[in-house]
Amino acid sequence: SYLKKRTATKNKMHGEEVLGLPSKFVYRSLRRNRKHLDKEVNSIEEKLLSLVKQEQQHQLTLLTSIPGIGIRTALFLIVCTDGFKKFESASQLCSYVGITPTIRESGSSVRVRSRINKVGNKKLRNLLFQCSFNACKHNNACKGVYERIVNKGKSKKLALIAVANKLLNQSFAVAKPGRPYDDTYVSILPR
C-alpha cells in the first residue's frame, strides 16, 4: 500500500516538474509526502527484516545466497510461504505464484498458445520476474535456461518467465531441506 502511494506521489511530482512547477506549494507538499512515505516504507522493511531474522535467519541466508535473489524477494518468499511450510513440492509453489504454463486445447479444433496462469500472488510473480533479469547474468543454471529458450526462437519474455520459474525451484530446493546453494549441483530436489 505504501509503495503504491509512493509511486503515485512520484508520478505527481514528475507531472508538476513537467508543467514547470505551476504551484510551489503543491510541489513542496508532494515532496514532504514522499519523504514521509519513504520513511514509513523503510521502517516497515526494517521491522519485517528483524522479525524474519528472529524466526528464519537460516532460510534468509540460504535464499540470498542464490544468484539473482535479493533480500526483498527472499523476505517476501519467506513471508508468503510461511517459511516454505505451506508447500510440499516446488511445482505447488510455482502454481501458487502463477508462473506455470497453462495449455488450452480441446480435441483437434482449439489450440491456443500456452500462457502462464496469472492466478496467484501477483507481487511475488513480479518480484521473481524482476529477479530473472539479474539471474540471467549471474546464475549459471538460469543463464542456460534463458539461452536454450531464446535459441529455440521463443520470445525473451517467455524465457524470463522460465528463468523466474527456475529461480523459484532453486529457492524451494535450497530453503525446504536447509541446504546451501551450490552452483555445480544440477538438481537438489525432484519436481
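**Close-up views of a predicted model**

Residues are numbered from 1 along each chain as its sequence is written, and side-chain values use heavy atoms, with hydrogens and water left out.

**View 1. Helix α1 against helix α2.** Helix α1 covers residues 2–18, and helix α2 covers residues 24–64. Helices (H or I, at least four residues) and strands (E, at least two) are DSSP runs, numbered from the N terminus. The axes of α1 and α2 come within 9 Å and cross at roughly 155 degrees. That makes α1 roughly antiparallel to α2. Axes are lines fitted to C-alpha atoms, for helices over the stretch in contact, and angles run from 0 to 180 degrees between N-to-C directions. Angles under 35 degrees count as roughly parallel, over 145 as roughly antiparallel, 65 to 115 as roughly perpendicular and the rest as oblique. On the α1 side, the contact (heavy atoms within 4.5 Å) includes Y2, L3, R6 and M13. On the α2 side, V26, Y27, L30 and I44 are among the residues involved. By class, this contact of α1 with α2 has nine nonpolar, two polar and ten charged residues. Here Ala, Val, Leu, Ile, Met, Phe, Trp, Tyr, Cys and Pro count as nonpolar, Asp, Glu, Lys and Arg as charged, and the others, Gly among them, as polar.

**View 2. Helix α3 against helix α5.** Helix α5 spans residues 122–138. The axes of α3 and α5 come within 10 Å and cross at roughly 150 degrees. That makes α3 roughly antiparallel to α5. The crossing of α3 and α5 is left-handed. From α3, T73, F76, L77 and C80 meet K123, L124, L127, L128 and C131 of α5. The residues of this α3–α5 contact divide into seven nonpolar, one polar and one charged.

**View 3. Cysteines without a disulfide.** A disulfide is a covalent bond between the sulfur atoms of two cysteines. The search counts a pair of cysteine sulfur atoms within 2.5 Å. Across the whole structure, it finds zero disulfides. For C80, the nearest cysteine sulfur is that of C131, 13 Å away. C80 counts as buried, at 12% relative accessibility. Buried means under 20% relative accessible area, exposed over 50%, partly exposed in between (1.4 Å probe, protein chains only). For C94, the nearest cysteine sulfur belongs to C142, 12 Å away. C94 is buried, with a relative accessible area of 0%.

View 4. Most residues other than glycine have a negative phi. D82 has a positive phi, near 55 degrees. D82 is found in the loop between α3 (71–81) and α4 (90–97). F84 lies in the loop between α3 and α4, and its phi is also positive, near 65 degrees. D82 is partly exposed, with a relative accessible area of 40%, whereas F84 is buried at 0%.

**View 5. S114 in strand β2.** Strand β2 runs over residues 110–116 and holds S114. S114 is partly exposed, at 40% relative accessibility. S114 and T102 are twelve residues apart along the chain, with their C-alpha atoms separated by 5.4 Å. Not counting residues up to four places away in sequence, S114 touches T102 and I103.

Notes
This is a predicted model: local features need pLDDT of at least 70, side-chain atom pairs count only at pLDDT 80 or more; totals for chains, interfaces and linings use all residues. A crossing is left-handed if the near helix is turned anticlockwise from the far one by less than a right angle, and right-handed if clockwise.
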